[in-house]
2 protein chains.
Amino acid sequence: MFEVKSVKETFGIIYDNFKYNDPGSERVSILDALGRLLDEDLVSDSDIPAFNRSSVDGYAVKAKDTFGASESMPCQLNIVGEVKMGEKPGFAIKSDTAAYIPTGGELPEGADSVVMVEYTEDFGDGDIFINKPAAPGNGLVYRGDDVRQGSVVLKKGQKLRSQDIGMMAALGYVEVLVRKKLRLGIISTGDEVIPIGSAPKGAQVRDINSYAVYASALRMGLEPALFGIVKDGFDEIQDTVRDAMEKCDIVVISGGSSMGTKDVTVKVIDSLGEPGVLVHGIAVKPGKPTILGKVGTKAVIGLPGHPASAYVIFNVFVRRLVEVMEGRSGSLEESVRAEMDTNYPSNQGREEYLSVTLYEKDGKAYASPVFGKSGMISTLTTSHGYIHISRGSEGVSRGQMVDVMVF
Amino acid sequence: MFEVKSVKETFGIIYDNFKYNDPGSERVSILDALGRLLDEDLVSDSDIPAFNRSSVDGYAVKAKDTFGASESMPCQLNIVGEVKMGEKPGFAIKSDTAAYIPTGGELPEGADSVVMVEYTEDFGDGDIFINKPAAPGNGLVYRGDDVRQGSVVLKKGQKLRSQDIGMMAALGYVEVLVRKKLRLGIISTGDEVIPIGSAPKGAQVRDINSYAVYASALRMGLEPALFGIVKDGFDEIQDTVRDAMEKCDIVVISGGSSMGTKDVTVKVIDSLGEPGVLVHGIAVKPGKPTILGKVGTKAVIGLPGHPASAYVIFNVFVRRLVEVMEGRSGSLEESVRAEMDTNYPSNQGREEYLSVTLYEKDGKAYASPVFGKSGMISTLTTSHGYIHISRGSEGVSRGQMVDVMVF
């Protein structure tokens, strides 16, 4: 018999039993690399900037020529040229001379500072008057100060954000090597479950979980695949789980919250290989009837049958499992900070993920508990996210600030 | 001459000058609908549940038969059947009888409550002993209590989240009507800018902004298109902006932070139609040289040339513009709450978006300012997000809690 595990124990079991498995890699255009996991170190082939570069519109000078300059006593320098964007200046700055330089222009030889145009005055007589002293290095970035040639700028394994795509462009990468996405197989079970395009007769219900899980998996950067609806028999479920396990890294079995179905799911997982079922039941609301198993290196999850419970469990536990299997450490999660508008007493002794609605009033964010009977699906769309109520806590009070994890 | 606008004034100008324009719609599979804007009201064609449904594993009973039941004095009911999943029960519950019912099963006629199996004892003699009283409605969801036939469950204009995809499945929608994505045209300007696949010679630099903006636009749910690199001349820029405006809803011109280039961008926007340039310069750090224009119903944005500035401005202002043009009201934004690990004094008089790095130590989240000279690109990848420092504030102090908007 399995003992119900706490949330913390379940996370521990995930960390102890799963690890990064190389899913193989593929080469993609950087335009398609957003959200993918980089599978190579990206090294800069050159210094950035590749030249001493002005970061302002102004005048390239020798800083020492400007020492002591002020509005009442500007220093006067002879303009010897104008730097053109993208071109190497054909002249040098000697003492008491200056040259106009635009933002991004290459600093002429001899200059060691750029004075912003705001601190200069040009009377059109070929000289420029400077009314603020500049220090060497002002208004410019030295060659290689931004990125040094040979340095690793983006690391193997990191998840690519939009700014990283910009950095890859700067380094001259048109394509990069990324890891293949983890494949998630989705199986729906239950004699009462029918395809969504069909009209339910009698006590039949449409297959909700497959689609909510499919979309959640897309959001997590996985490659989901639907394996259809399977009748509630051991052989049928075993055949489909075996097929899904061959093609996928993670298999999710949804539907079937009745005890009989759960028992079949447990038997199927145990029948397919070692170590089999690791967790059968989590002390959490909602989601007690959750199953976590492992066969070889693959993960098999039995989700609760109630769609709203399945959804929360998938987003809390499978998300963590995916991070582990992708070799990423837990990233800091984003949330919306809001004030509870209602008291919510919680069952002590087990943790709870409470679904809440978010709304704004007078520029402040509020969270409101979503009430609904177990098994309702309308709570799925009325809720914007969930808050975590820890074990032993008495709940949350009106006026308390909470961090809402948005679905 | 244009006056520099405050951040608040700029948002006001966005709200006053732009509005929702119907981009047309298309029909997509619900598997492809995540993140899209729904373009029809979705109505339930039936009651959900379509029958009185058990939400637990247990026994269907008449509640009044259980009144007074306790562990020491259980009530004894005769088992008259077992409800099968997905099937209409072929029997009714009369006084002093009960039937086994699994989670999701249809309540037999005559029953008005389901007692969880945990509160029953079955000695195998054809009777079931119930040791806890049940109230009518316990353990079940009545027909239509979840979703009423004819009710609007998902509204036209809402952005579809993964749980909404589940709800569409419940309603039997295989495909739905969504709005076409807003198209964002990206133009890079600057004589010094070269394609990313080329090796920079002399003072040339690779085109970073196009790619960082492209990826940010994907993340915002837009359909981005690259219009390439254009030389710094009025005619060349005008031709390309006109072309991009014909094909796109929003045009972003990046690169060129020198004053000359900015002036050309302003002239081009004004030359293409009314009302032309609305904002030329925002009192914000970074991003002062930002241009916001409107031609007909289209938006044209001139981003700062520095990649890190362009990135922040795009994510702050263009994000807001997109919300307005998509007809969405400002959604509550997610952030990571973290403690500042360093004092950061700020310039009073203008707002600042300070880039920060996030890290975790002893289970706590910390934010650290990313320092770097203006124009550096390495700050793009070292920063995880930004915090907003309001005008007139003196900055942020070490130990202060801040909300980090993750890029």
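**Backbone geometry in chains A and B**

Asp96(A) has a relative accessibility of 46% and therefore counts as partly exposed, a class that falls between buried (under 20% relative accessible area) and exposed (over 50%), as computed with a 1.4 Å probe on protein chains only. The model is predicted: local features need pLDDT of at least 70 and side-chain atom pairs count only at pLDDT 80 or more, whereas totals for chains, interfaces and linings use all residues. Residues are numbered from 1 along each chain as its sequence is written, chains are lettered from A and ligands numbered from 1 in the order in which they are written, and side-chain values use heavy atoms, with hydrogens and water left out.

Most residues other than glycine have a negative phi, and most peptide bonds are trans. Asp96(A), which is not a glycine, has a positive phi near 65 degrees. Asp96(A) is placed in the loop of chain A between strand E5 (75-82) and strand E6 (97-101); strands (E, at least two residues) are DSSP runs numbered from the N terminus. In chain B, Asp362(B) is likewise a non-glycine residue with a positive phi, about 50 degrees. The loop between strand E24 (351-361) and strand E25 (364-369) of chain B contains Asp362(B). Asp362(B) counts as exposed because its relative accessibility is 78%.

Cis peptide bonds were also found in chain B. One joins Glu274(B) to Pro275(B), with omega about -10 degrees, and Pro275(B) belongs to strand E18 (residues 275-280). Another runs from Lys285(B) to Pro286(B), where omega is near -5 degrees. Pro286(B) is located in the loop that lies between strand E19 (284-285) and strand E20 (291-295) of chain B.

Terms used. Helices (H or I, at least four residues) and strands (E, at least two) are DSSP runs, numbered from the N terminus.
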